[in-house]
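Subject: Structure handover

Hello,

Here is the structure I said I would pass on. My notes on it follow below.

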Amino acid sequence: MITFRKPLPNIERPQMEADVVIVGGGPAGMACALRLAQLIDEHNSKNPDTQISKENIYVLEKAREVGQHCLSGALLDPRSMRELLPGFEKEAPIDAEVVKEAVYYLTEKRKIKFPITPPPLRDHGNYVISINRFVKWLGQKVEEAGITIFTGFAGSELLIEDERVAGVRTDDKGVDRMNQPKGNFEPGYDLRAKVVILAEGTRGSLTKQLVARFNLDKDRNPQTYGVGVKELWEVPSGRIKPGEVIYTMGWPLTMREYGGSWVYGAKDNIVSLGFVTGLDYEDPRTDPHHVMQAWKQHPFIASLLEGGKMIRYGAKSLPYGGWWSVPPVAGDGWMIVGDSAGFLNSQRLKGIHLAIKSGMLAAETAFASMQQNDFSGAMLGTYEDRVEDSWLKEELWKVRNFHQGFEHGFLEGMFHAALQQVTDGRGLHDRYTTKAGHRRLHRLALLPADGDGRAHFLGKAKGDGKLTFDKLTDLYHSGTKHEEDQPSHLVIHDTNICNTRCVTEFGNPCQHFCPANVYEMVEAGDVPHGKTIHLNASNCVHCKTCDIMDPYEIITWVPPEGGGGPNYDGM
Amino acid sequence: MADTILVVVEQREGKFNRVSLETIAGAQQIAAATGWTVEAAVLGNGVSEIANEVASRKLAKVYDIESPQLGRYTPDAFVHALKQFITDRQPKLVLMPHTYQVRDFAPKLTTALNRTLVSDCTGFKYEGGRLLFTRQMFQGKFAADVSFGGDAPYFATFQAGSFRGDQAEAGISAAQVETVNIDVPENVIRTRVEEPFKEAKAAVDLSQAEIIVAVGRGIKEQKNLDMAKQLADALGGEIAASRPICDSGWLPMERQVGSSGQTVAPKLYLALGISGAIQHIVGMKGARTIIAINKDSEAPIFEISDYAVVGNLFDVVPPLIEEVRKAKG
């Protein structure tokens, strides 16, 4: 029997009043906090009689240290940072400015270079950064500005009263495997906030609660996702220049899967590389970690890495759906920013600048609310107007139909993409619809046993220990640690479905799509098909893929005890 | 007894808990700020010696609260005695060290008196006639000043280290000790206390073991652990396991070897049905000799083992046990 995490019922919790609570200390949350501090400082210096306090503005961050759960490629489009901190380049941790880029289409053995780099992938003027170091630096700015960051505290529940978001409950600490308080038990706090800003990143767990509670996905396209599996390598000097950018499409994926890779040259012979697999593939045995390992075996990639050493690993999902999937982003007592809202440009593979911009716009809204002491839905709704009137909307509008165009494979996708390019994003229809990625999974019975040209990325990767790695070895390099004696934070609402239905219908795709070996089917005597679900919850790298991709929608990712998770130093 | 601070000092098994001196120091500082007086009380059966020791500090009075039922600590007896004493004397403020014993009975005591308790305080402030207690929040990131609503007596406990015990002021002369006999009826005590005992220290210290027999998922079922234990016994070694085994609760966590368990370096490490994921290897690669038995010839454990046995452990281990027993005579 697996016991799942949920806030302990019927206990008295410490209450704390707050003006603004920002859930999540990534680029969106930090930009939001910093912009809010700037606006308040500016106001206070001009209005000695009507001072606004920054004391009750808090950022909750589930990682033990700021930035440790942040993972991205990453390239930074500096547009929003220049608005937030003009001249930030002088002090921010930047690896290199992009100096060279190339796009390739890969077949199993060959590479075909695109004669010109497609305009959306032209990256001159962007910066190669480590999102981990960048966010750490932003976090320092936020703390210097006088805003408190609670690291090691996750938002576990929204407090909703009279159809209004009234605050956030933080995680219960010191709860054992059976959900019983231990000697070091500390109940989660009820942070009663005038406004809660959800900056949880991709597939936010509170955002999911909010969307479900208020049907925010009504009349929207379902959000679609990809999962990026990343490794950081140290390679012999001169192999890839700092600021050199390579994108590949094609192999190891077939024409029927969506996805592609990046290779970014950073400082000191460090190379960031990774593969994003669209979470809308057909074959439930597809293993995105295996896809990444297979891709590294392509002669072109293998030659780049030869003689190098893998030093870090990580994985994270990202929202692809674009403008039509963005839910309402403000309401009574709440706003949503960054990846939680789906502000990501899937054509340019960039979201950090939009996360920052949306955080700033939410900060401007929160500031106006504080000035007028009005946190109503109408007042906070002006955040939506700010988004509409900003370049954020303009950028996303142009690519509103991009990802949907690839629904029926690569070739059709390229056709739609080209058409959209010349029709200002429209393409064939005003609004391309889509369906959620997990609904595209085919039942095992309908798939040929030989893998249908995909055998090289189905099931577990073996790894040679040099160029390729098995999942556990890679996972070890993510530095993931959790308190072991706690309930499972991967909440499966009905494990019978895993052991009876899924095992025959889809072959338990959780074992494959999870890049951290959390889900395992182990032999057991007392179940009909001889296998039962087993969770290695403490392996979890917080990528949220399971919450997205499970075919029965029975997995809910909730935050584990704060402080646990990957350690993405330098990622 | 208006405007008095009562410090309840702690004794266990007739031994004075010196952390109580920190609470006395704190009480003296509060008294200096407020002008209140400080008294102390100790509960037990024949603890006048402790009362006398406490009386050497600068205190207005020390109460030696005696009852045969207070000899062995029970929350029921302590609460009964203290409730009666506090109701009689009506101190304004009751202070205690935030010890395990106090944590055990203080909530019950204050609830019984219909009062509030501010627990685990790290300091106090006295501002404009209001006494505030400081508590840590968000794991020490924040401090909150808390004041009492409602009526006295007020209750607070101090975290260890909040004040310095050696700064508890000594009195010019010993404080008067008053013995208070309180009748604690037998029937209020709902727990029966057995002889105190010390739990044997963690039964096993794997890092000291010279021989370790470790099992992995290849052992299949919990009942097969017996076989591995027999081998460990025959060799005079300890049994250990990789994570899946401890995760399933087949062996206690303290026997888990690897990145989320123990790191060991025995003379001999026998790995039975362990594939050798890096998470396990980092915990045992320092072993002098590694013998691995696994049916998968490509199991990574073989890369670091000195002796590799490719085979079913259920075929290999039983004869091995026999041979070891024979060899050892």
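**Strands of chain B**

C121(B) has R135(B) of β8(B) as its bridge partner. This is a predicted model, in which local features need pLDDT of at least 70 and side-chain atom pairs count only at pLDDT 80 or more, while totals for chains, interfaces and linings use all residues. Residues are numbered from 1 along each chain as its sequence is written, and chains are lettered from A and ligands numbered from 1 in the order in which they are written.

Strand β7 (residues 117-127) of chain B pairs with strand β8 (residues 130-137) of chain B in the antiparallel sense, over six bridges. Strands (E, at least two residues) and helices (H or I, at least four) are DSSP runs numbered from the N terminus, and two strands pair if DSSP finds at least two bridges between them. Two residues separate β7(B) and β8(B) in a hairpin, and G128(B) in the turn has a positive phi of about 50 degrees.

β8(B) also pairs with strand β9 (residues 142-146) of chain B, again antiparallel, over five bridges. Opposite T134(B) stands D145(B) in β9(B). The hairpin of β8(B) and β9(B) has four residues between the strands, and F138(B) in its turn has a positive phi of about 45 degrees.

**Helices of chain B**

Helix α3 (residues 75-89) of chain B packs against helix α4 (residues 100-112) of chain B at an angle of about 45 degrees, with the axes 9 Å apart. Axes are lines fitted to C-alpha atoms, for helices over the stretch in contact, and angles run from 0 to 180 degrees between N-to-C directions. The residues in contact include F78(B) and L82(B) of α3(B), and F105(B) and L109(B) of α4(B). Contact here requires C-beta atoms, placed from the backbone, to lie within 7 Å. By class, this contact of α3(B) with α4(B) has seven nonpolar, no polar and three charged residues. Ala, Val, Leu, Ile, Met, Phe, Trp, Tyr, Cys and Pro count as nonpolar, Asp, Glu, Lys and Arg as charged, and the others, Gly among them, as polar.

**Domains of chain A**

In chain A, the C-alpha centres of domain 2 and domain 4 lie 24 Å apart; domain bounds come from an automatic or database domain assignment. 31 residues of domain 2 of chain A are in contact with 35 residues of domain 4 of chain A. On the domain 2 side, β18(A) gives the most, with eight residues.

Regards

Key: Contact = placed C-beta atoms within 7 Å.
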